[in-house]
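Colleague: I have the model open and would like to go through it with you. Can we start with the pockets?

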Amino acid sequence: MIHLDINCDLAEGYGRGRQAEDLGIMKWITSVNIACGLHAGDPHIICRTIEAALRHGVKIGAHPGYPDIHGFGRRSMNLSVREVYELVLYQVSALAGMTRALGGELHHVKLHGALYNEAAERPELAEAVARAISDIDEELIVYALSGSALVEAGLEHGLQVAEEVFADRAYLPTGRLAPRELEGSVLISKEEQMEQTRQLVLKQKVQTVDGSSIALAADTLCVHCESPDVLQFLVELHRWSKQNDIKLEAITPR
């Protein structure tokens with residue numbers, strides 16, 4: 001039997017902005033990545049998202065990014081290795097503390113936006129991120145882009161790593177995500193998303209933007225909440241998983 005975690009980035013609004021939508025999604029995922037307040041989110045939506053995850057039995061992760069609210073954390077900030085270490089240390093510690101105060105335990109860490117992409121490419125940033133996570137809690141699982149530098153850094157620091165793939169993002173031949181400014185970088189239709197999910201989960205490979213095929217490990221599948229018809233896609237994903245003997249469940253800490 002294939003085991004697959006479904007994760008989603010949430011708490012990326014403010015106040016009551018997206019809560020109803022987020023709660024609808026929470027019923028269909030197995031782990032959630034909660035924004036830590038620097039690229040998006042505030043203490044109120046963070047708390048409510050943690051509480052919703054606890055009610056639904058969804059594993060909670062920290063989703064740290066660059067302190068860039070206007071750019072939604074998607075712009076490079078050219079920070080030093082030490083600054084990246086401190087940013088991750090601060091945000092993950094805050095989310096871990098809030099989760100514990102509300103009766104839960106932090107399960108994993110997944111970077112956001114530009115920090116996610118740059119730690120996937122740059123070994124020195126990946127090392128700083130892995131070191132920060134390890135210094136907080138060696139039991140935390142690192143969600144990292146499949147085949148990336150952060151996978152290697154996490155393993156070198158003795159951390160458990162879940163290799164992440166995306167249902168709704170196109171891939172470059174290098175295995176990196178296609179830049180959002182590239183036409184076709186975001187898969188819009190439910191049919192496209194399901195076809196890519198089939199490739200990734202059943203064959204551990206994906207077709208890239210140039211038509212070639214590359215191999216990718218798939219431990220956890222990211223579904224973005226802003227995708228059109230995301231709830232319909234998640235319902236279809238659950239139905240398809242049952243038909244193909246795929247067990248949807250959060251990653252078990254070793």
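Colleague: What volume does the second largest pocket have?

Modeller: Bearing in mind that this is a predicted model, the second largest pocket comes out at about 160 Å³. Its lining is made up of Ala 170, Leu 187, Glu 192, Glu 195, Gln 196, Gln 199, Val 206, Gln 207 and Thr 208.

Colleague: Which elements give two or more residues to that lining?

Modeller: Those are helix α7, residues 190-203, and strand β7, residues 205-207, with α7 supplying the largest share, 4 residues.

Colleague: Changing topic, is Asn 33 buried or exposed?

Modeller: Asn 33 has a relative accessible area of 0%, so it counts as buried, the cut-off being under 20%. Asn 33 sits in strand β2, residues 31-35, and, leaving out residues up to four places away in sequence, it touches Asn 7, Cys 8, Asp 9, Leu 10, Gly 61, His 63, His 108, Lys 110 and Tyr 143.

Colleague: What about the largest nonpolar core, which residues have the most contacts inside it?

Modeller: That core has 76 residues, and Ile 29, Val 32, Val 84 and Val 88 are the ones with the most contacts inside it. In soluble globular proteins, nonpolar side chains tend to be buried together.

Colleague: Take Val 88 then, what is it in contact with?

Modeller: If neighbours within four places in sequence are set aside, Val 88 is in contact with Ser 93, Leu 111, Leu 115, Val 129, Ala 132, Ile 133 and Ile 136.

Colleague: Last topic, the whole chain: how many helices and strands are there?

Modeller: The chain has 8 helices and 10 strands. Its radius of gyration is 17 Å, close to the 18 Å that the globule rule gives for 254 residues, so the chain is as compact as a globular protein of that length. Of those 254 residues, 55% count as buried, and among contacts with a separation of 6 or more, 72% are between residues 24 or more positions apart.

Terms used
Residues are numbered from 1 along each chain as its sequence is written. This is a predicted model: local features need pLDDT of at least 70, side-chain atom pairs count only at pLDDT 80 or more; totals for chains, interfaces and linings use all residues. Side-chain values use heavy atoms; hydrogens and water are left out. A nonpolar core is a set of buried Ala, Val, Leu, Ile, Met, Phe, Trp, Tyr and Cys residues joined through side-chain atoms within 4.5 Å. Buried means under 20% relative accessible area, exposed over 50%, partly exposed in between (1.4 Å probe, protein chains only). Contact means heavy atoms within 4.5 Å. On a 1 Å grid over the protein atoms alone, a cavity is a set of points where a 1.4 Å probe fits but cannot get out, and a pocket is an open set with protein on both sides within 12 Å along at least five of seven lines; lining residues have an atom within 4 Å of a point. Grid points are joined across faces, edges and corners, and a volume is the space filled by probe spheres set on the points. The radius of gyration is taken over C-alpha atoms; the globule rule is 2.2 Å times the number of residues to the power 0.38.
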